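Subject: Structure handover

Hello,

Here is the structure for you to look over. My notes come after it.

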Amino acid sequence: MSEVKEIAEIPSFTVTLSIRRFDPEKSEEASWEEFQVEMHSTDRVLDALHKIKWEQDGSLTFRRSCAHGVCGSDAVRINGRNRLACKTLIKDLDINSTITVEPIKGLPVEKDLVVDMNPFYQAYKDINPFLLANDKPEKERLQSPEDRARYDDTTKCILCAACTTSCPVFWTDGQYFGPAAIVNAHRFIFDSRDEQADLRLDILNDKEGVWRCRTTFNCTEACPRGIEVTKAIAEVKQAILRGKP
Amino acid sequence: MSVVPAGTLYRGKVGMWSWVLHRVSGVAIFFFLLVHVLDTALVRVSPEAYDIVIQSYKTPIIGLAELGLVGAILFHGLNGVRIILVDFWSKGTRYQNVMFWIVLVLAIGITAYFTPGHLDRILEF
């Protein structure tokens, strides 16, 4: 005996999105374009972008892959703050006013919301983001739960670039390693199994390294994974002063 | 290649604005120090010229600017302590927000404490 209940309809509303458009084949200048879409309260900004691309303007260009906050492809600036489009519910924004969506700042824009990520990846590569150890063990390298916890926070990074492109220093000085590279260096510097902390500390003890950080906390606030980025940078600064992790 | 679009102003929170204020107050203090070193050095050139310059500062506008100077130095100094704590105190990054508001309240409060006496002196000009 099952009682058929009528499923309540998901509330829907119309929102206006203002998207920063740029097409190098059409114009040298970027400009704002407004779109109106009918959305549900369960929808995210990424769903709105999809709806625009599929139903209104197929030329709208943006990156997304997993669409569930893991791959880190769709970092954009929503209402002036770096966010993952796939993790930002539209109902959490002010739906009575226009929602602005623009590319992340400080990296060259290629088209619409797509930026050239290569300078960002290069800084990541420069800090040697892999385990460096000389010995060849017969079995796995053991680590105590305490040692593992030491760098747990910085293992969460998905390389979306939301932190690096929220940093005022990075906007004006593209040579700065940026928060994401330092977070990933932190992940190995404080890993007890790694033997080359000195090498990474030396790389980051540079004019364009950790000392460029001005502790604006934009990175910590922007991180979709909740990593305490500024804290990690401060820990690397202290490790350099101590000369060891 | 591509043009970097200007876009909107990044809506950073307390941390970003404290950094902006720190910079602005720092530059303002630098210009004060520059003028201050020059006018003080003048006493070695000519004590009379020094007196004339110092006398010329006694206007209501400079008087109000002096209050701004007190506020700027207080903010810059106290926020400097906040930045040191963020860098060196293990819990500094967690409390940066509340530390900023403490800095602001102290800077405004101490400036306000000086204000009545200073305004009396300005009115005597």
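This is a predicted model: local features need pLDDT of at least 70, side-chain atom pairs count only at pLDDT 80 or more; totals for chains, interfaces and linings use all residues.

Chain B

Chain B contains four helices and zero strands, and along the sequence the order is α-α-α-α. With a radius of gyration of 19 Å, against the 14 Å that the globule rule gives for 125 residues, chain B is well over that value and so more spread out than a compact globule. Along the principal axes, its C-alpha atoms occupy a box of roughly 55 × 45 × 25 Å. Of the 125 residues in chain B, 28% are buried. Taking the contacts in chain B between residues at least 6 apart in sequence, 67% of them link residues at least 24 apart.

The contact with chain A

Chain A puts 32 residues into the contact and chain B puts in 25 residues. The area buried between the two chains is about 2,700 Å², with 56% of it on carbon and sulfur atoms. There are 11 residue pairs in polar contact between chain B and chain A, counting pairs with both residues at pLDDT 80 or more. On the side of chain B that touches chain A, α1 (14–45) and α3 (60–88) each provide at least two residues. The largest share of that side, five residues, is from α3(B). Sorted by class, the side of chain B that touches chain A is made up of 11 nonpolar, eight polar and six charged residues. The rule also finds three salt bridges across this interface.

Asp87(B)

One of the salt bridges joins the side chains of Asp87(B) and Lys237(A), at 3.0 Å from N to O. The pair is also listed as a polar contact between the two side chains, at 3.0 Å. Asp87(B) is part of helix α3 of chain B.

Is Asp87(B) buried or exposed? Its relative accessibility is 16%, and the cut-off for buried is under 20%, so Asp87(B) counts as buried. Which residues does Asp87(B) touch, leaving out those up to four places away in sequence? They are Thr215(A), Ala234(A), Lys237(A) and Gln238(A).

If you open one site in the viewer, the salt bridge between Lys237(A) and Asp87(B) is the one described here.

Regards

Methods
Residues are numbered from 1 along each chain as its sequence is written. Chains are lettered from A and ligands numbered from 1 in the order in which they are written. Side-chain values use heavy atoms; hydrogens and water are left out. Contact means heavy atoms within 4.5 Å. Buried area is the accessible area (1.4 Å probe) that two parts lose on being put together, summed over both. A salt bridge is a side-chain nitrogen of Lys or Arg within 4 Å of a carboxyl oxygen of Asp or Glu. A polar contact is a pair of N or O atoms within 3.5 Å; within protein, one must be able to donate a hydrogen and the other to accept it, and residues adjacent in sequence count only if both atoms are side-chain atoms. Ala, Val, Leu, Ile, Met, Phe, Trp, Tyr, Cys and Pro count as nonpolar, Asp, Glu, Lys and Arg as charged, and the others, Gly among them, as polar. The radius of gyration is taken over C-alpha atoms; the globule rule is 2.2 Å times the number of residues to the power 0.38. Buried means under 20% relative accessible area, exposed over 50%, partly exposed in between (1.4 Å probe, protein chains only).
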